[in-house]
2 protein chains.
Amino acid sequence: MSNKFRTIWLTEDKYVEVIDQRRLPHNVVNVKLTSYKDAELAIKNMTVRGAPLIGATAAYGIYLAVREMIEKQLDGNFLDEAFEALRNSRPTAINLFWALDRMKKALDLSEDFLQTAWIEAGKIVEEDVETCRMIGVHGLPIIEAISKRKKGEVVNILTHCNAGMLGCIEWGTITSPIYQAHQKGIKVHVWVDETRPRNQGSNLTAYELTRHGIDHSLIVDNTGGHLMQHGMVDMVIVGTDRTTRNGDVANKIGTYLKALAAKDNNIPFYVALPSTTLDMRIRDGLKEIPIEERDQDEVRYFEGKRFSDGEIDRVLICPETTKARNYGFDVTPARLVTALITERGVCEANEEGITNLFPEYK
Amino acid sequence: MSNKFRTIWLTEDKYVEVIDQRRLPHNVVNVKLTSYKDAELAIKNMTVRGAPLIGATAAYGIYLAVREMIEKQLDGNFLDEAFEALRNSRPTAINLFWALDRMKKALDLSEDFLQTAWIEAGKIVEEDVETCRMIGVHGLPIIEAISKRKKGEVVNILTHCNAGMLGCIEWGTITSPIYQAHQKGIKVHVWVDETRPRNQGSNLTAYELTRHGIDHSLIVDNTGGHLMQHGMVDMVIVGTDRTTRNGDVANKIGTYLKALAAKDNNIPFYVALPSTTLDMRIRDGLKEIPIEERDQDEVRYFEGKRFSDGEIDRVLICPETTKARNYGFDVTPARLVTALITERGVCEANEEGITNLFPEYK
């Protein structure tokens with residue numbers, strides 16, 4: 001069972017190719033990465049995004065650095081620079097650091113750098129595919145149970161941002177249970193939060209749900225609370241860029257507001273994550289997770305396909321002189337999270353829950 | 001003390017003029033209303049918006065209908081049609097019905113229809129100006145107290161949508177205390193929620209704060225929770241389209257999410273309103289206030305000034321086939337509201353609080 005379509009792959013000449021996610025949904029454009037600087041830029045400018053895909057791109061960035069180092073007969077400083085640059089490409093997603101650490105460990109033990117980098121990056125990608133598939137296997141019974149309780153009526157699922165296959169390699173985290181439910185014939189409908197300012201919901205989640213034939217409705221980020229108050233949401237499921245030992249969840253800005261509304265209306269709020277997203281070194285997400293602040297023009301301008309002639313353009317939505325602030329993420333305290341859905345099963349969002357499933361983190 | 005600039009006024013030939021608020025902030029264009037159908041359309045298509053301004057426009061719509069009836073020697077059916085059409089122009093804002101009822105009562109007692117309609121609509125407008133000024137007088141001490149507690153440091157105020165002068169005639173409801181604080185030399189900074197899908201925050205609130213020289217930052221609707229978690233908001237203040245006897249507050253979609261975040265972070269959440277916005281006939285806002293559902297293209301498209309050439313255009317932000325749902329308002333339960341700020345003073349958001357200030361509603 002596979003979705004075939006992937007977000008990162010190798011070319012015949014052993015370089016790396018990704019989809020330029022900034023151009024979805026209107027254009028599907030692939031971008032070839034031939035150096036670690038290409039990979040760094042792709043992460044920085046959000047050509048690729050989503051914690052697992054950022055990790056995979058960074059891993060292949062190291063492979064590209066090793067290749068360049070060997071081809072140009074550079075010394076080890078070049079590789080150190082590559083690690084440093086990729087490590088600084090984005091601050092919040094933990095998978096980035098995890099993938100780089102893993103590449104470093106593998107290379108430290110290796111004699112054949114090129115072969116090792118190639119194999120290790122490939123493993124990171126293949127493991128993510130299997131991890132996401134298993135998140136679906138464990139998340140599916142939650143959707144099935146709601147469907148049964150509703151006697152086969154449509155299960156309404158709200159999500160924020162894109163923690164779909166586009167944020168991963170295949171399957172996605174939050175979309176994996178949804179796709180598997182759909183394949184089993186369970187009726188699902190997804191409320192897609194637009195996810196300002198970069199619109200990953202309207203651009204990416206709506207795109208991949210359309211591609212998979214999943215019924216969905218686009219809503220602005222303001223709408224979820226109203227829907228929950230009126231019984232129009234059966235469950236919320238979101239991804240995460242970093243989850244702490246205590247179960248605090250950093251995710252796209254606005255996630256916290258949906259978690260509050262879910263709590264206020266007794267609606268279960270799930271977080272789907274590969275264990276690579278756990279940051280067991282920290283406890284208090286609010287105090288310890290750095291929150292990226294991005295360019296104010298992401299808020300002041302809005303990009304899309306022009307009504308007048310179909311060209312892609314951006315429009316200014318405020319007075320010329322108005323400044324904006326643009327925080328990329330927020331932290332949802334563990335007390336608002338019903339459960340974490342991981343590749344090893346479902347657990348409570350706390351240290352005990354996490355270490356029961358992952359005793360190696362005890 | 002006056003702001004001079006108004007949102008609705010009379011022309012020399014005794015017709016009505018309003019600002020086309022759909023074209024702000026990039027263009028200031030006035031629209032002349034010469035019939036009740038013009039007024040109806042201006043309310044429907046949101047040329048004018050904001051509960052008090054909708055009421056005033058409807059009142060002048062009746063004046064225009066009376067004038068047309070007399071000039072064209074039509075019978076009373078024409079006036080009945082005007083009342084009916086204006087009553088159905090938008091469902092949520094209570095001021096619309098209040099203004100129409102008041103015009104009806106005045107006309108029922110009148111011998112000179114034209115004179116009565118003219119005077120009564122004028123009174124509604126002038127009373128709103130004074131009401132909004134008094135909301136500022138009563139709200140100002142709240143801002144002053146925070147400023148004092150912070151030893152003169154900037155008071156950070158978050159607002160959603162536009163309950164500014166642009167939603168009223170002059171002063172505005174939530175902006176009246178802010179403008180009066182600014183005039184007194186108190187340092188204020190406003191977090192302006194963009195307010196998707198129609199961007200009344202980025203288009204209108206940012207515009208009028210700029211015009212009044214008030215320091216402000218535009219944020220996406222997702223950001224408020226994060227700011228509150230990090231002590232960057234001292235108070236929230238919003239307007240309302242209808243507030244019930246129990247103190248439940250209907251306001252722009254997304255208000256409820258901000259109220260939840262304020263509660264979760266012990267930040268006071270105020271609602272500023274003229275008493276004309278109270279609907280004392282109903283108690284349970286969630287069950288009894290009809291929530292307008294608007295055209296899905298307001299969500300699917302985004303309007304602004306083109307980056308490429310400065311023309312106004314709209315851009316599609318989702319796949320062509322993706323549907324959207326577009327609820328205009330939500331209801332914030334009274335339990336989340338710290339207090340109501342009215343023209344007669346500040347009260348708790350419940351029947352006792354309201355009827356203490358407005359014993360005529362007991």
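# Domains and two-fold axis of a two-chain model

Modeller: The centres of domain 1 and domain 2 of chain A, taken over C-alpha atoms, lie 25 Å apart. The model is a predicted one.

Colleague: What are the bounds of the two domains in chain A?

Modeller: Domain 1 of chain A covers 8-127, and domain 2 of chain A covers 139-361.

Colleague: How many residues put the two domains of chain A in contact?

Modeller: On the side of domain 1 of chain A there are 27 residues, and they are in contact with 32 residues of domain 2 of chain A. Contact requires heavy atoms within 4.5 Å.

Colleague: What area is buried between these domains, and which residues of domain 1 of chain A lose the most?

Modeller: About 2300 Å² is buried between domain 1 and domain 2 of chain A, with 58% of it coming from carbon and sulfur atoms. In domain 1 of chain A, the residues that lose the most area to domain 2 are Arg49(A), Thr92(A) and Ile94(A), together 27% of what that side buries.

Colleague: Why is the pair of Arg90(A) and Glu292(A) called a salt bridge?

Modeller: The closest N and O atoms of Arg90(A) and Glu292(A) are 3.0 Å apart. The rule asks for a side-chain nitrogen of Lys or Arg within 4 Å of a carboxyl oxygen of Asp or Glu, so the pair qualifies. Across the interface of the two domains of chain A, the rule finds one salt bridge. The elements giving two or more residues to the side of domain 1 of chain A that touches domain 2 are helix 2 (51-71) and helix 4 (94-108) of chain A. By class, that side of domain 1 of chain A has 16 nonpolar, seven polar and four charged residues.

Colleague: How far apart in helix 5 of chain A are Arg133(A) and Glu130(A), which also form a salt bridge?

Modeller: They are three residues apart in helix 5 (residues 113-149) of chain A, which means a separation of about one helical turn. Over all chains, the rule counts 65 salt bridges.

Colleague: What makes the relation between chain A and chain B that of a two-fold axis?

Modeller: A rotation of 180° with 0.0 Å of shift along its axis superposes chain A on chain B, at an RMSD of 0.0 Å. This is therefore the relation of a two-fold axis. Among the residues of chain A, Leu257(A) comes closest to the rotation axis, with its C-alpha at 2.9 Å.

Technical notes:
Residues are numbered from 1 along each chain as its sequence is written. Chains are lettered from A and ligands numbered from 1 in the order in which they are written. This is a predicted model: local features need pLDDT of at least 70, side-chain atom pairs count only at pLDDT 80 or more; totals for chains, interfaces and linings use all residues. Side-chain values use heavy atoms; hydrogens and water are left out. Copies are superposed by least squares on the C-alpha atoms of residues with pLDDT of at least 70 in both. Domain bounds come from an automatic or database domain assignment. Buried area is the accessible area (1.4 Å probe) that two parts lose on being put together, summed over both. Helices (H or I, at least four residues) and strands (E, at least two) are DSSP runs, numbered from the N terminus. Ala, Val, Leu, Ile, Met, Phe, Trp, Tyr, Cys and Pro count as nonpolar, Asp, Glu, Lys and Arg as charged, and the others, Gly among them, as polar.
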